[in-house]
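Have the structure open as you read.

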Amino acid sequence: MRTNDTIPSGGTRRRSVLGGAAAVAAGFALAGCGGGTDDEKAAPKERKKGQQITLTFWSWVPGIDKPVDLWNSKNPEVQVQVEKVSAVNGAQYAKMHAAIKAGNPPDLGQIEFPVVPSFLLDNGLLDLTTVGGERYKKQFVGWQWQQSVFGKGVYAVPQASGPMGLFVRQDLFDKWDIEPPATWDEYEAAAKKIRKKGAWIETFAPTNGNRFAGYAWQAGAKWYAADGDTWTVALDDEPTRKVADYWEGLVRQKLIKTIPDRQNAWYKDIQTGAIPAWLGASWGDALLVGNAPDTKGKWRAVPLPQWTKGADAQANWGGSTTAVFAGATYPKDALDFAVWLNTDPEAIALLIEGGYGFPSAKTGYKTTDLDVHKEFFGGQAYSKVFKEAGDHVDTSWQWGPGVDTLYQRLGDAFTEALSSGDSFRSVLKKVQAQTVGDLKGKGLKVESGG
């Protein structure tokens, strides 16, 4: 990622927009945000009547070809060409940033909620209010729409969220007389019982910063905040330290593995029962079905364990948008496609079939429509678990700039700590300092909190 770039042309504007990013969401008044240069305010290029065009769309969403094919069959004048990009270790974003820097980005791209602000540092995304994008706000879940609202601008169309839950091998839990844990204390107790059976309840995946952020989110952390034009980075806050201490304790007791999740060794453990549980997100149903087909009927979904018994604190892992890049040739047509993709009932049905997450649209589907793998989950209406989780996510959580780099730094630091024996708290302290330095290097006003 571009962690050491100098500020390109337009840097003053991006600092203004990002200075107001979290502040506007948090209710602070900011003057002057969302303003642009004369070039940026110029009328967007429009397609002539009858003109045929092709838009390029970079995405990694499973099954994305099907809704795109449907669009193409209905819109012969505006064809969309999908290019699949790798989502391994942020490869898709490195490619997108490089394309922006080279001046040849696609028209549209799949961008997760946490990394939208990083693209504003590149002036890489189109402010959709310049083509009337703000009028679609009411069609989407409020907090998810707000993830791409910075200053007075709207920079992406929300697609899906990832409310979290716990997937368990119910057959093994029953065999070993273990109840699905309702609290994190019970989770640790279950881990001890499972380890005695020769298995591990889970893995602490050191390079999965996205999931670690979900844990912190549930615990009440606030990694980013802004007051006026100043960002505060608080990765090393008390809730996140509590999370770090907890997982370090499980690692030190050798109750969990420390291999990466969603890679070959982990898939093998999921298939064999060596790992009988996974703290995942709503889109994890398709991942389990696709990579552990022989375990059909044995899995169930249950809510996240709670820090306090009887509480209902939830979290979100990821969440995606369809963004229009600033260099899009026909931005109005690109916006039309992005909105259609994420609100049309037929498109949503095809996205659900592919396993893309929990729709951001307010209408066009029923929760039960997401139970596409009901038989795999033993007949459970499992999507209800994630619907209820999504309804109780702390919507005050706000992402800030540099999250993609922050994740890389977390991965490096956790990997080093596992090797050296350093504390997980030292990871938080180190990465917070690095992140503050990264953002200052981008020309932003930043303070260290926690």
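In this predicted model, helix H4 (residues 65–74) and helix H15 (residues 345–354) have axes that cross at roughly 155 degrees. Angles over 145 degrees count as roughly antiparallel, so H4 and H15 are roughly antiparallel to each other. Their axes come within 8 Å.

**Where H4 meets H15**
- On the H4 side, the contact is made by Lys66, Pro67, Leu70 and Lys74.
- H15 brings Glu346, Ala347, Leu350, Leu351 and Glu353 to the contact.
- Sorted by class, the contact of H4 with H15 holds five nonpolar and four charged residues, with no polar ones.

**A three-stranded sheet**
- Elsewhere in the model, you will find an open sheet of three strands, ordered S10-S7-S11, with antiparallel pairing.
- Strand S10 (277–281) and strand S11 (299–302) are the edge strands, and each of them pairs on one side only.
- From one strand to the next, the twist averages 30 degrees.

**How S7 and S11 are joined**
- Strand S7 (residues 164–169) runs antiparallel to S11, and four bridges join the two.

Note on methods. Residues numbered from 1 in each chain as written. Predicted model: local features only at pLDDT ≥ 70, side-chain atom pairs only at ≥ 80, totals over all residues. Heavy atoms only, no water. Pairing = 2+ DSSP bridges. Axes fitted to C-alpha atoms, helices over the stretch in contact; angles between N-to-C directions. Parallel < 35°, antiparallel > 145°, perpendicular 65-115°, else oblique. Contact = heavy atoms within 4.5 Å. Nonpolar A, V, L, I, M, F, W, Y, C, P; charged D, E, K, R; others polar.
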